[in-house]
Amino acid sequence: MHTPEGFAPGHALPAPVPECAIAFAFRDGKVLVSGDGQPGTEPRLPDWRDLAALGLAGRAHYLGALGGVDCIAVGLADDAPEPPSWRYAGLRSLFFALPDPLLALAARAFQIVDWDATHRYCGRCGTATHAKADERAKECPACGLVAYPLVTPAMMVLVTRGRELLLARAHRFPPAMFSALAGFVEPGETIEDCIRREVREEVGVEVDRLEYFASQSWAFPHSLMIAFNAEYAGGELRPDGHEIAEAHWFAHDAVPKLPPSLSIARRLIDATVERLARGAQPSC
Ligand SMILES: [Zn+2]
């Protein structure tokens, strides 16, 4: 997930909202799309006019404009009806079904709606918050506390040792699937501190020569995954048995079942395997 090309972000809701604005309307974490979800039917997002015609309304948040078309996130009530010929779909079920730019904006909308729903009252004094006019934030009128949309940084690291890759299987993974290591940043840590700590805690090895690879916004629920390569620098491979069920060194040309291609984990692993394979070829 990333910012789509041609998207200009904003936060001030236009008045009135144009009828052709794209509506990302969420009920209990699922977004309203057309159709019954059967293979062969392409889901479509409603526009503002559709939403009004369906009698649906909720808390609206301006996201910005995609190619000049306004995009609005809407948080519907948990008991909002499901109109005939429309359905509420989980975001994961829309991968490869919605065009990438719309899927990325749906993920963005999901996070804004979720943040709005969980920050209606001040965390310090319990007073109802209101939207801040000049930025995407909520402010407490009683004590002045300001709350911004939540983004939680997490690291991912693929450790290599020569032409081997360190891949691990977490208990929560599907059977036989292995991936790079990952973990959330703790207060006071840099991303590099987090990588060294998590690798030490999860598999007992030390790493060095950290190299940034890429980052990915991940809306489940509000992570920013920041991916690195690193080189093995010592220690015995010892999975913690708590989060990590298994961890092994795999030869670059004999990797196990990996995460799906959409994930940054897969991109990181594929790019590293390719680099190691290139290095394995004789130079001439
Ligand atoms: Zn307050």
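Q: In what sense do strand 10 and strand 14 pair, and over how many bridges?
A: Strand 10 and strand 14 (residues 223-234) run parallel, with 9 bridges between them. Strands here are DSSP runs of E with at least two residues, helices are runs of H or I with at least four, and both are numbered from the N terminus. Two strands count as paired if DSSP finds at least two bridges between them.

Q: Before I go on, where do these numbers come from?
A: This is a predicted model, where local features need pLDDT of at least 70 and side-chain atom pairs count only at pLDDT 80 or more, while totals for chains, interfaces and linings use all residues. Residues are numbered from 1 along each chain as its sequence is written, and side-chain values use heavy atoms, with hydrogens and water left out.

Q: OK. How does strand 10 run relative to strand 12?
A: Antiparallel, with 4 bridges joining strand 10 to strand 12 (residues 181-184). Val-157 has Leu-181 as its bridge partner in strand 12.

Q: And what about strand 10 with strand 11?
A: Strand 10 and strand 11 (residues 164-170) are also antiparallel, over 3 bridges. Thr-160 sits opposite Leu-165 of strand 11. The two strands form a hairpin with 2 residues between them, and Gly-162 there has a positive phi near 60°.

Q: Why call strand 10 largely enclosed?
A: Because 7 of the 10 residues of strand 10 (residues 152-161) are buried. Buried means under 20% relative accessible area, exposed means over 50%, and partly exposed is in between, using a 1.4 Å probe and protein chains only.

Q: How many residues of strand 11 are buried?
A: 6 of the 7, so strand 11 is mostly covered, given the under 20% cut-off. Strand 11 also pairs with strand 15, antiparallel over 7 bridges. In that pairing Arg-169 stands opposite Glu-246 of strand 15.

Q: What's Ser-179 doing, buried or exposed?
A: Ser-179 is buried, at 4% relative accessibility. Ser-179 lies in the loop between strand 11 and strand 12. Leaving out residues up to four places away in sequence, Ser-179 touches Leu-166, Leu-167, Ala-168, Phe-173, Pro-259, Ala-265 and Ile-269. A contact means heavy atoms within 4.5 Å.

Q: Which residues of helix 3 are buried, and what covers them?
A: The buried ones are Ile-191, Cys-194, Ile-195, Arg-197, Glu-198, Val-199, Glu-202 and Val-203. An α-helix has 3.6 residues a turn, so residues three or four places apart point the same way. The cover for the buried residues of helix 3 includes strand 10, strand 11, strand 12, strand 13 (206-218), strand 14 and strand 15 (244-251). Just after helix 3, Gly-204 takes a positive phi of about 75°.

Q: Now the metal. What are the protein donors of the zinc ion?
A: The SG atoms of Cys-122, Cys-125, Cys-140 and Cys-143, lying 2.3 Å from the zinc ion. Their spacing in sequence is C-x2-C-x14-C-x2-C. Donors are N, O and S atoms within 2.8 Å of the metal (3.2 Å for Na, K and Ca), and water is not among the atoms, so sites may look incomplete.

Q: Why is the arrangement called tetrahedral?
A: Because the 4 donor atoms subtend angles of 100 to 120° around the zinc ion. Four donors count as tetrahedral if all angles lie between 85 and 135 degrees.

Q: How accessible are Cys-122, Cys-125 and Cys-140?
A: Cys-122 is buried at 6%, and Cys-140 is buried at 2%. Cys-125 is partly exposed at 38%.

Q: How many disulfides are there?
A: The count is 0 disulfides, a disulfide being a pair of cysteine sulfur atoms within 2.5 Å. Cys-71 is in no disulfide, and the nearest cysteine sulfur, that of Cys-20, is 9.9 Å away. Cys-71 is buried, at 0% relative accessibility.

Q: Last one: where is Asp-78 found?
A: In the loop between strand 5 (69-75) and strand 6 (86-89). Asp-78 is exposed, at 62% relative accessibility.

Notes:
Tetrahedral: all angles 85-135°; square planar, octahedral: opposite > 155°, others 65-115°.
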